Amino acid sequence: NSRIMWYVYIIECADNTLYTGITTNINRRLSEHNSGKKCKYTRNRGPFKLKALFVFETRSLASKEEYRIKQLSRLEKIKLYEGI
């Protein structure tokens with residue numbers, strides 16, 4: 001009984017910008033970012049550092065959290081993943 005888990009992640013780009021995304025396979029997704037595939041925003045902004053990873057049981061919950069995080073300011077995102 002293997003359930004698919006959904007991940008919301010925050011990566012820091014080489015230009016110090018933050019990108020928030022959603023995936024079911026974090027290793028694959030980070031590889032895609034590093035290879036410049038599938039995401040216009042992160043293309044040519046690598047290398048990347050994974051700053052936060054949140055786990056959800058449903059896509060719906062993960063999507064809602066991704067949206068919520070994307071509404072935050074840069075400082076609020078940093079506080080979120082630093083646990084402040």
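The following legends describe close-up views of a predicted model.

View 1. From the N terminus on, the order of elements is β-β-α-β-α-α. The C-alpha trace spans about 40 × 30 × 20 Å along its principal axes. The radius of gyration is 13 Å, which agrees with the value near 12 Å that a compact globule of 84 residues would have. Of the contacts with a separation of 6 or more, 57% are between residues 24 or more positions apart.

**View 2. Surface and interior of the chain.** The accessible surface comes to about 5,600 Å², and carbon and sulfur atoms contribute 49% of this area. Buried residues make up 37% of the 84 residues.

**View 3. Helix 3 (residues 74–82) and its buried residues Lys 77, Ile 78 and Tyr 81.** These three residues lie on the same side of helix 3, because they cover an arc of only 100 degrees around the axis. Just after helix 3 comes Gly 83, which takes a positive phi of about 75 degrees.

**View 4. The salt bridge between Asp 15 and Arg 45.** The N to O distance between the two side chains is 2.5 Å. Asp 15 sits in the loop between strand 1 and strand 2, and Arg 45 in the loop between helix 1 (26–35) and strand 3, so the pair ties together parts that are 30 residues apart in sequence. Asp 15 is partly exposed, at a relative accessible area of 37%. Arg 45 is also partly exposed, with a value of 24%. The whole structure contains eight salt bridges, and this pair is one of them.

**View 5. The salt bridge between Arg 29 and Glu 32 in helix 1.** The side chains meet at 3.0 Å, N to O. Arg 29 and Glu 32 are three residues apart in helix 1, so about one helical turn separates them. Glu 32 is buried, with a relative accessible area of 12%. Arg 29 is buried too, with a relative accessible area of 10%. Both residues belong to a network of salt bridges that also links Arg 28 and Lys 38.

**View 6. The salt bridge between Glu 66 and Lys 70 in helix 2.** The closest N and O atoms of this pair are 3.4 Å apart. Glu 66 and Lys 70 are four residues apart in helix 2, which means that about one helical turn lies between them. Glu 66 is buried, its relative accessible area being 15%. Lys 70 counts as partly exposed, at 40% relative accessibility.

Technical notes:
Residues are numbered from 1 along each chain as its sequence is written. This is a predicted model: local features need pLDDT of at least 70, side-chain atom pairs count only at pLDDT 80 or more; totals for chains, interfaces and linings use all residues. Side-chain values use heavy atoms; hydrogens and water are left out. Buried means under 20% relative accessible area, exposed over 50%, partly exposed in between (1.4 Å probe, protein chains only). Helices (H or I, at least four residues) and strands (E, at least two) are DSSP runs, numbered from the N terminus. The arc is that of the directions from the helix axis to the C-beta atoms. A salt bridge is a side-chain nitrogen of Lys or Arg within 4 Å of a carboxyl oxygen of Asp or Glu. The radius of gyration is taken over C-alpha atoms; the globule rule is 2.2 Å times the number of residues to the power 0.38. Contact means heavy atoms within 4.5 Å. Accessible areas come from the Shrake-Rupley method with a 1.4 Å probe; for residues, only the protein chains shown count as cover.
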